[in-house]
Amino acid sequence: MTNCNLNNHIINIIHNNDKESIKTAEELAKKLKSHGYQVSNTYDYCAELNICIGGDGAFLRAVHNYSFPDIPFVGVNTGHLGFFQEISPSDLDNFIESYKKKDYTMEEIYLVEAIICTRTSCIELVGINEIVIKGINSKVIHMNVSIADNYLERFSGDGLIISTPTGSTAYSYSAGGSIIFPTLKVLQITPLAPISSKVYRSLTTSAIVQHDMVIKVNPEYRDENSILMVVDGIQHKYDNIVEINLKLSDMTINKLTLDPHNFWWNLKDKFI
Ligand code: NAP
Ligand code: MN
């Protein structure tokens, strides 16, 4: 951003390939140009705003594809649910008027990071909704879990979802997790089909963890030395992982919102 001239008023339009998204993108580009903005369809790193057209999935993929940029996002919903996507395609004029008048607020979206290590090296993963640790081939996964260096449990079951506040309405919610107001700086561990028997004893509810407490996971291996890590719905298979450390990332994403009190209304509108 340092060598960018923000007086150029460039806006990136990012869309998925649905008919409705393509049509909305064309309409939006026309409208923005008539208001004096430059529109880029090829991701200009000097843009002042990213407008993402599609559903929540389109937003998640845009953030990953452009490597968690500083440029703020706003979403136009042509998707199925569109929990993140605040603007409706019929409301583009309103949005542009509000945007020009700077009649909006910026929300910080917290991210979850995982450092996953073999005996010899580590790599980092970052998620917007969640990072899920699962066994392979639908096998039960056993893993030892510590929080802030306190040993908690030897988990046995399908896996663990480590969710951000934003992700609390996604996979974690379906697995019985709590809905978390997005400004709360916490992570949520939500178990997936935890086994709780005389043989295996795992917490059966989700737990909410302060943002700077590291969640440490040491998988146990039986037949194969592989685990799955699913980041915002994208699956990665890893071999010989000995430790995974998860916490809220220092990095955040900015999302523009016209109505900062929109969350509860949105929740009711989309879920009930
Ligand atoms: P997808 O299969 O289309 O996503 C499943 C549904 O989750 C879609 O309706 C999607 O909305 C919605 N969604 C995504 N993020 C959300 C959020 N933060 N709050 C509320 N709803 C949300 O795949 P996708 O669109 O690529 O999304 C990936 C996400 O799917 C993952 O991050 C995971 O959270 C979720 N997921 C859920 C389950 C489950 O609930 N059992 C299982 C696997 C994955 P759109 O229709 O607008 O895209
Ligand atoms: Mn989707």
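**Notebook: ligand shell, pockets and a cavity**

I began with the shell around ligand 1 and sorted it by class: 6 nonpolar, 9 polar and 4 charged residues. For my own reference, Ala, Val, Leu, Ile, Met, Phe, Trp, Tyr, Cys and Pro go down as nonpolar, Asp, Glu, Lys and Arg as charged, and the others, Gly among them, as polar.

Ground rules before I go on. This is a predicted model, where local features need pLDDT of at least 70 and side-chain atom pairs count only at pLDDT 80 or more, while totals for chains, interfaces and linings use all residues. Residues are numbered from 1 along each chain as its sequence is written, chains are lettered from A and ligands numbered from 1 in the order in which they are written, and side-chain values use heavy atoms, with hydrogens and water left out.

**Ligand 1**

Which residues come nearest to ligand 1? I found D56, G82, E130, T169 and S174, out of 19 residues around the ligand. To be near, a residue needs a heavy atom within 4 Å of the molecule.

Next I looked up polar contacts (pairs of N or O atoms within 3.5 Å; within protein, one must be able to donate a hydrogen and the other to accept it, and residues adjacent in sequence count only if both atoms are side-chain atoms). The side chain of E130 has an N or O atom 2.5 Å from an oxygen of ligand 1. R61 also reaches a ligand oxygen, with a polar side-chain atom 3.1 Å away. T169 goes for a nitrogen of ligand 1 instead, and its polar side-chain atom sits 2.6 Å from that nitrogen.

I then checked how covered the ligand is: alone it exposes 820 Å², and the protein buries 68% of that. These areas are Shrake-Rupley values with a 1.4 Å probe, and for residues only the protein chains shown count as cover.

The elements giving two or more residues to this shell are α2 (56-65) and α4 (171-174). α2 has the largest share, with 4 residues. I'm using DSSP runs here: helices are H or I with at least four residues, strands are E with at least two, and both are numbered from the N terminus.

Why does ligand 1 lie between domain 1 (6-103) and domain 2 (111-251)? Both domains give residues to its shell, so it lies between them. The bounds come from an automatic or database domain assignment.

**Pockets**

I needed the rule first: on a 1 Å grid over the protein atoms alone, a pocket is an open set of points with protein on both sides within 12 Å along at least five of seven lines, a cavity is a set where a 1.4 Å probe fits but cannot get out, and lining residues have an atom within 4 Å of a point. Points are joined across faces, edges and corners, and a volume is the space filled by probe spheres set on them.

The largest pocket comes to about 640 Å³. Of its 33 lining residues, E86, K255, T257, N262 and N266 are closest to the centre. α5 gives the most to this lining, 5 residues.

The second largest pocket has about 230 Å³. K139, V140, R222, D223 and E224 are closest to its centre, among 14 lining residues.

**Cavity**

How many cavities of 30 Å³ or more are there? I count 1. The largest cavity has a volume of about 60 Å³, and its lining includes L152, E153, I189 and P191. That lining splits into 6 nonpolar, 2 polar and 1 charged.
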